[in-house]
Amino acid sequence: MKLSRPLLCLLVVVTLAACGGSTNSVNPSEVSGTVIYHEPVQLPPGAALHVSLADLSQNDAGKAIVGEVTLPAEGRQPPLPFTITFDPKVIDPAHTYAIQAEVSSGGTPLLTTSESHPVLTGGRPATVEVTLHPAEVRIASTPAPDPRREVLQEVVAIDAALPSMERREGQWGTDDVSVPYTAYFDGDDLRRIEARRSSGDRGSWDWSYSFANGLLIFATGEDVLPSDDPDGVGRDVTTTVWFAPDGRVLAAERLADGAPETPGESDLAGVRMRAQALRDAAYAAREGS
């Protein structure tokens, strides 16, 4: 399952195409891509697109920018091509690298990344799909940290560590509904559950849940819902939810058949309930084995 899907009332997707990497050696010396706007966006004078390749294995204060490029965005229509070049010798196969992007004007962010987009190492490809969201404009000279970014840094770390984690397959559900899942444990801590279910004409769903200290921090998934229309065409809905340590929803986004929607309270409650049920099932199966 892909980590990020999406989204809000204003959605920008950045599709990056680049040379591949490997866990043993990293040969590419550039990452290229295009910026695509799914909805019309009127950018003000001086608007520019800034894309960077960052080493997320460094702490916030010492995060290394491996390569970056800034391109004019004012008056241009997507797709906007770009290329980031870098010295492949600086890439450490043990580190985690990700693409970050922002559209700004006069120093004010207009659109920015809020999801993880790892590349190059840890078995990650050099081709990713990056989503930009409207940036909150603040009066303060120093922008407050985005709590979603902290969550996604944790999700990136989980992604990078998955190959070394204990992997367990299981089934969750009742006699009528049985859902196969894959759980990943780091010691005694559950870090990720991936579950998917298909019921033919009754629809299907494919979800991923990330955990930290036993708590749900991130959920993303796709639901294909059946339709009552005579043509039988169903709805394709993707949802992403960020959670705070106290269980609060930091942000929630949904895209239904390509159109942004706002998830309701019942939708968010359903995400929590399914994640909790899968979590309990994974722990119970592990303890009983």
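Helix 2 (residues 265-288) lies across strand 10, strand 11 (178-186), strand 12, strand 13, strand 14, strand 15 and strand 16, running at about 70° to strand 13. Here, helices (H or I, at least four residues) and strands (E, at least two) are DSSP runs numbered from the N terminus, contact means heavy atoms within 4.5 Å, and axes are lines fitted to C-alpha atoms, for helices over the stretch in contact, with angles from 0 to 180 degrees between N-to-C directions. The model is predicted: local features need pLDDT of at least 70 and side-chain atom pairs count only at pLDDT 80 or more, whereas totals for chains, interfaces and linings use all residues. Residues are numbered from 1 along each chain as its sequence is written, and side-chain values use heavy atoms, with hydrogens and water left out.

Helix 2 comprises 24 residues and reaches 34 Å from its first C-alpha to its last, close to the 34 Å expected at 1.5 Å a residue (1.5 Å times one less than the number of residues). Its buried residues are Leu268, Val271, Ala275, Leu278, Arg279, Ala281, Ala282 and Tyr283; buried denotes under 20% relative accessible area, exposed over 50%, and partly exposed in between (1.4 Å probe, protein chains only). Helix 1 (residues 147-161) lies across strand 12 (189-198), strand 13 (204-212), strand 14 (215-225), strand 15 and strand 16, at about 80° to strand 14.

The open sheet contains eight strands in the order 10-11-12-13-14-15-16-17, with antiparallel pairing; two strands pair if DSSP finds at least two bridges between them. Strand 10 (166-173) and strand 17 (259-261) stand at the edges, each with a single partner strand, so one side of each has no neighbour in the sheet. On average, neighbouring strands of this sheet are turned by 15° against each other, direction ignored.

Within the sheet, strand 14 and strand 15 pair in the antiparallel sense over eight bridges, and Phe218 has Trp242 of strand 15 as its bridge partner. Strand 15 (residues 235-243) is joined by seven bridges to strand 16 (residues 249-256), the two running antiparallel. Val241 is the bridge partner of Ala252 in strand 16, while Thr239 stands opposite Arg254 in that strand. Five residues separate strand 15 and strand 16 in a hairpin, and Gly247 in the turn has a positive phi of about 95°. Because seven of the nine residues of strand 15 are buried, this strand is largely enclosed by the rest of the structure. In strand 13, Ser208 counts as buried at 5% relative accessibility. The C-alpha atoms of Ser208 and Glu222 are 9.4 Å apart, with the two residues 14 apart in sequence.

Nonpolar cores were defined as sets of buried Ala, Val, Leu, Ile, Met, Phe, Trp, Tyr and Cys residues joined through side-chain atoms within 4.5 Å. The largest has 23 residues, of which Val51, Leu53, Ile99, Val119 and Leu120 touch the most other members. Strand 3 (48-55), strand 5 (80-85), strand 6 (97-105) and strand 9 (128-134) each give two or more residues to this core, and strand 6 provides the largest share, four residues. A second, separate core of 22 residues includes Ala183, Phe243, Ala275 and Ala281.

Overall, the chain has two helices and 17 strands, and 42% of its 289 residues count as buried. Of the contacts between residues at least 6 apart in sequence, 54% join residues at least 24 apart.
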